[in-house]
Amino acid sequence: MQEGCVVDGTISQSGAEAQALWRLREEIPMAMARLGHNYKYDVSLPVPRMYELVEAVRKRLAHRTDAVAIGYGHVGDGNLHLNVARLGVFCPELKALLEPFVYEFTSQTGGSISAEHGIGQQKLGYLHLKKSPECIAVMRQLKRLFDPHLILNPYKVLPDP
C-alpha cells in the first residue's frame with residue numbers, strides 16, 4: 001500500500017480474520033452465479049496494472065444494463081479472476097464483446113492469458129497471443145514425446161496444427 005499499487009485493502013490480524021476473508025473470496029463465484037450466466041477469465045497481469053482489465057471491461061460494457069464485471073485474485077502474483085455476470089442466460093453478443101478483447105488486452109499489457117488454471121479448451125484459439133509459432137511447435141513435439149497416443153488431457157493445451 002505504501003508504494004501506491006494498492007489504494008485500499010485489508011490485512012488480517014488473526015487466523016480467524018484470515019479465514020473470514022478467505023470465506024468471502026470463496027463466496028464471490030457463488031454470488032455471481034446467482035445473477036445469471038458467468039463468463040470467467042483467469043489471467044495474470046503486471047501487479048501495478050492488475051485492475052486495469054476490470055476497468056477496461058466495465059467501460060466496454062457500459063452500454064449494457066444486463067452485465068456486471070468484477071475482479072479479484074492474488075495481488076502478490078498478479079493473478080486476476082475476471083468474472084462477468086449476465087442477468088439471464090448465455091449471450092453470444094456479450095461473449096463477442098469479451099473475446100478476444102480480454103486476451104488481447106492481457107497480452108498487450110505484458111500479462112499471460114493463462115494464470116493458475118492453464119489453457120484448457122476455451123483458450124486454445126488465443127495461445128498465439130502469448131506463444132510464438134515456433135514455441136507452439138516445440139510444445140507439440142514435447143507432447144508427442146511424452147504422450148505418443150494422445151491419451152493425457154486430450155484436446156487441451158495445444159490447438160490443432
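This is a predicted model: local features need pLDDT of at least 70, side-chain atom pairs count only at pLDDT 80 or more; totals for chains, interfaces and linings use all residues.
Show what surrounds Ile70, skipping neighbours within four places in sequence: its contacts are Ile28, Met32, Val54, Arg58, His81, Leu82 and Asn83. Ile70 itself is found in strand β2.

Go back to the contacts of Ile70 and pick Leu82, one of them. What does Leu82 touch, not counting residues up to four places away in sequence? Colour Tyr39, Lys40, Tyr41, Leu53, Val54, Val57, Ala69, Ile70 and Val102.

Next, the core. The largest nonpolar core has 29 residues. Select Leu53, Val57, Leu82, Val84 and Leu98, which touch the most other members. Then colour by element: β1, α2 (52-60), β3, α3 (92-98) and α4 (101-108) each give two or more residues to this core.

Move to helix α1, residues 15-35. Its 21 residues reach 31 Å from first C-alpha to last, close to the 30 Å expected at 1.5 Å a residue. Where does α1 kink? Centre on Glu27: the kink there is about 30°, shortly before the proline Pro29.

Keep α1 on screen and show Arg25, Pro29 and Met32, which are buried in this helix. Residues three or four places apart in an α-helix point the same way, because there are 3.6 residues a turn. Which strands do the buried residues of α1 pack against? Select β1 (36-44), β2 (67-74) and β3 (79-87).

Last stop: Gly36, which follows α1. Check its phi, which is positive, near 145°.

Terms used:
Residues are numbered from 1 along each chain as its sequence is written. Side-chain values use heavy atoms; hydrogens and water are left out. Helices (H or I, at least four residues) and strands (E, at least two) are DSSP runs, numbered from the N terminus. The expected span of a helix is 1.5 Å times one less than its number of residues. The bend at a residue is the angle between axes fitted to the seven residues ending there and the seven starting there. Buried means under 20% relative accessible area, exposed over 50%, partly exposed in between (1.4 Å probe, protein chains only). Contact means heavy atoms within 4.5 Å. A nonpolar core is a set of buried Ala, Val, Leu, Ile, Met, Phe, Trp, Tyr and Cys residues joined through side-chain atoms within 4.5 Å.
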